[in-house]
Amino acid sequence: MIEAAERDGRLKPGGTIVEATAGNTGLGLALVARAKGYRIVLVVPDKMSSEKVLHLKALGAEVHTTRSDVGKGHPEYYQDYALRLAEAIPGAFFADQFNNPNNPAAHEYSTGPEIWAQTGHDLDAIVCGVGSAGTITGLSRFFRRVAPHVEFVLADPQGSILAQYIETGTIGTAGSWAVEGIGEDFLPAIADFSSVRRAYTISDADSFSSARQLLASEGLLGGSSTGTLLAAALRYCREQTSPKRVVSFVCDTGTRYLSKVYNDNWMIDQGLLQRTEFGDLRDLIGRRFEEGAVISAAPGDTLLMAFQRMRLADISQLPVLEAARVVGLIDESDILLKVEADPAEFNAPVTSAMTRSLETLAPSASREELRRVLDRGLVAIIADASHFYGLITRFDFLNHLRRSLK
């Protein structure tokens, strides 16, 4: 796409590349821009992983974040947002992957021949996801020429409209999905689905668990869309009655999803990883002590150590534990009061600033009792005479209610 724009004069030396991206295209453009000396401006949906955004910024990209809960035609939709930026920046080239014919051309003349050569001209099916549709369109064109028997299989996140379109020819109402980079709420202009014979709708839970299983079984660290493709490929293969040679893709690296796919706490918060349910307040605890998920301080720790743990975990309070019993609570305001007059007090022990007067709730306490604690601006400490179970914040309560949505 960049080389074509250079050849026809749409992108000149020192120019600016603008694009809307939720996946690998943005990273590819940022790499090319860095190597060729272009300014790169990218618009990304707010559901993108922090690692991916940081990677883009490390490559020198200017990143604009916009809403992921709106569809095409809304002013905050990431593609419309990027188009407005491109029109406002003098000399900007809008890569426009969803409409740019050079997107599928790259796969028709590069990816396709590579797959055909590496499989020794022995191939029965290819499992693809669709973001811009460049891959599936370009591969379809190539294999229709050299091996028209090759089946194309669509792996589509639940909430995307594409699987329904392939199966019924109708466009339904899009939902939402946590997988990044694939699935759409519209039909990309460059899309060619004429070679697609099967389409599988894959839930976020199946996508994420498949990615984690790929790592556990094969040592391959793939991202969320890789999990979607793997889940669909396995379903396709298990339905066959004769041996088939099937190609799919590890299309993104899991290092961009360590805070999501491979983060048990995030997976639990999203309802994508199951854990034991007790039928009491323990089910509302976001980070359970018995699972080793609680970030805490000891009475003899310094205030500096407690503060650093808060910063690292992006939290504002820590339980102070002694022999698995909660003996205090320290938050950022406690530390500020202690050190404001003399920063040397950062070396003082946690006991010098922590709150000792604690109100605890037993796991069997009611939701009404919990609400009364939270409504007073406090964090709920769930404990009994012999054991500390964890904390419940207002965020934990809200997240529990959100997971209950059907």
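Rings of Phe, Tyr and Trp (its six-membered ring) are taken as a pair if their centres lie within 6.5 Å; planes under 30 degrees apart count as stacked, over 60 as edge-to-face and the rest as tilted. By this definition, a search of the whole structure finds 10 aromatic pairs. The structure is a predicted model, in which local features need pLDDT of at least 70 and side-chain atom pairs count only at pLDDT 80 or more, while totals for chains, interfaces and linings use all residues. Residues are numbered from 1 along each chain as its sequence is written, and side-chain values use heavy atoms, with hydrogens and water left out.

The protein chain contains 14 helices and 13 strands. Helices (H or I, at least four residues) and strands (E, at least two) are DSSP runs, numbered from the N terminus. Along the principal axes, the C-alpha atoms fill a box of roughly 75 × 55 × 40 Å. Of the 406 residues, 47% are buried. Buried means under 20% relative accessible area, exposed means over 50%, and partly exposed lies in between (1.4 Å probe, protein chains only). Contact means heavy atoms within 4.5 Å. Among contacts with a separation of 6 or more, 63% join residues 24 or more positions apart.

The aromatic residues Y77 and Y78 belong to one cluster with F98 and F186. Y77 has 4% relative accessibility and so counts as buried. Y78 has 9% and is therefore also classed as buried. The ring centres of F98 and F186 are 5.8 Å apart and their planes are at 50 degrees, so this pair is tilted.

Two aspartates were examined. D156 is found in strand β6 (residues 151–157). Its relative accessibility is 0%, so D156 counts as buried. The side chain of D156 makes a polar contact of 2.9 Å with the side chain of S160. A polar contact is a pair of N or O atoms within 3.5 Å; within protein, one must be able to donate a hydrogen and the other to accept it, and residues adjacent in sequence count only if both atoms are side-chain atoms. Not counting residues up to four places away in sequence, D156 touches I161, L162, A163, G183, Y200, T201, I202 and T228. The C-alpha atoms of D156 and L229 are 8.0 Å apart, although the two residues are separated by 73 residues along the chain.

D301 lies in the loop between α10 (264–269) and α11 (303–313). D301 is buried, with a relative accessible area of 16%. Its side chain joins that of R309 through a polar contact of 3.1 Å. Leaving aside neighbours within four places in sequence, D301 is in contact with R309, A348, P349 and V350.

R282 is placed over two rings. Its charged end sits over the ring of F278, 3.9 Å from the centre. R282 also lies over the face of Y389, at 5.5 Å from the ring centre. A charge sits over a ring if NZ of Lys or CZ of Arg is within 6 Å of the ring centre and within 35 degrees of the ring normal.

The structure holds zero disulfides, a disulfide being a pair of cysteine sulfur atoms within 2.5 Å. For C128, the nearest cysteine sulfur is that of C251, 9.0 Å away. C128 is buried, at 1% relative accessible area. For C237, the nearest cysteine sulfur is that of C128, 14 Å away. C237 counts as partly exposed, at 35% relative accessibility.
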